[in-house]
Amino acid sequence: MKQNHVMKRLSRVGRWMATTLFCLSAIAFIWQGAFFSNTVALANPAVNLIAAADAGDQVKGAADEVAKGSKNFIRDTADKVEKTANKNAAKVDRADDDGSFVERKAKRDRNRIEQRAEQDAARTQKAVDNTKNVVERTVDNIKDAFSN
């Protein structure tokens, strides 16, 4: 019974010490960041402008890569939709050889699905281009603002 009571007290002391150590390390981390910040960089804004120009080029490059990846994904999705529509129409065609109403409807649906997939893909790719252009214009405007 006494061991259990001793273990409870040790557990409480251990938790208290861990909490104290955590709080002290958090305070030390915040203190270190506040008093040892690099204030020399504020005196020379030209260094920051060069970094901003490089960051702007990096943002433009990233926007181009995202746009290319998005367009490829959109095109792949449209192709998969068209492929699925063709498979479904072929299944109906194989099931019914006499050109019934169901077969004609399946072919019309296939054509409509392909047309809409192309339209949706084109519209979505145009939206990706517009978004990329907005990002590039914004970066250019920010660069212009800092260069003046």
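The side chains of Asp79 and Arg75 come together in a salt bridge, at 4.0 Å from N to O; the term stands for a side-chain nitrogen of Lys or Arg within 4 Å of a carboxyl oxygen of Asp or Glu. The model is a predicted one, with local features needing pLDDT of at least 70 and side-chain atom pairs counted only at pLDDT 80 or more, while totals for chains, interfaces and linings use all residues. Residues are numbered from 1 along each chain as its sequence is written, and side-chain values use heavy atoms, with hydrogens and water left out.

Back to that pair: Asp79 and Arg75 are about one helical turn apart, because they sit four residues from each other in helix α3. Helices here are DSSP runs (H or I, at least four residues), numbered from the N terminus. Asp79 is partly exposed at 36% relative accessible area, and Arg75 is partly exposed too, at 25%. On this scale, buried is under 20% relative accessible area, exposed is over 50%, and partly exposed is in between (1.4 Å probe, protein chains only). Arg75 and Asp79 also belong to a network of salt bridges that takes in Glu118.

Searching the whole structure turns up six salt bridges. One of them joins Asp129 to Lys71, with 2.6 Å from N to O. This pair ties together distant parts of the chain, 58 residues apart, with Asp129 in helix α4 and Lys71 in helix α3. Asp129 is partly exposed at 24% relative accessible area, and Lys71 is partly exposed at 27%. Lys71 also has contacts (heavy atoms within 4.5 Å) with Gln125, Val128 and Asp129, once neighbours within four places in sequence are set aside. The C-alpha atoms of Lys71 and Val128 lie 7.5 Å apart, although 57 residues separate the two in sequence.

Another salt bridge pairs Asp109 with Arg112, where the closest N and O atoms are 3.1 Å apart. These two are three residues apart in helix α4, so about one helical turn separates them. Asp109 counts as partly exposed at 24% relative accessibility, as does Arg112 at 36%.

Helix α4 (residues 101-147) also holds Ile113, which is partly exposed with a relative accessible area of 38%. Leaving out residues up to four places away in sequence, Ile113 touches Val81 and Ala85. Between Ile113 and Thr84, which are 29 residues apart along the chain, the C-alpha separation is 9.6 Å. Glu136 is in helix α4 as well. Glu136 is buried but makes no salt bridge, and the nearest side chain of opposite charge, Lys132, is 4.1 Å away. Lys and Arg count as positive and Asp and Glu as negative, with His and the chain ends not counted. Beyond neighbours within four places in sequence, Glu136 contacts Lys60 and Asp64.

Then there are the surface patches, built from residues with over 30% relative accessible area and no salt bridge, like charges being joined within 9 Å and nonpolar side chains (Val, Leu, Ile, Met, Phe, Trp, Tyr) within 5 Å. Charges are placed at NZ of Lys, CZ of Arg, CG of Asp or CD of Glu. Lys80, Lys83, Lys87, Lys91 and Arg94 make up a positive patch. Arg94 is in helix α3 (residues 45-95) and is exposed, with a relative accessible area of 60%. Trp16 sits in helix α1 (residues 2-35) and counts as exposed at 60% relative accessibility.

Note on methods: Accessible areas come from the Shrake-Rupley method with a 1.4 Å probe; for residues, only the protein chains shown count as cover.
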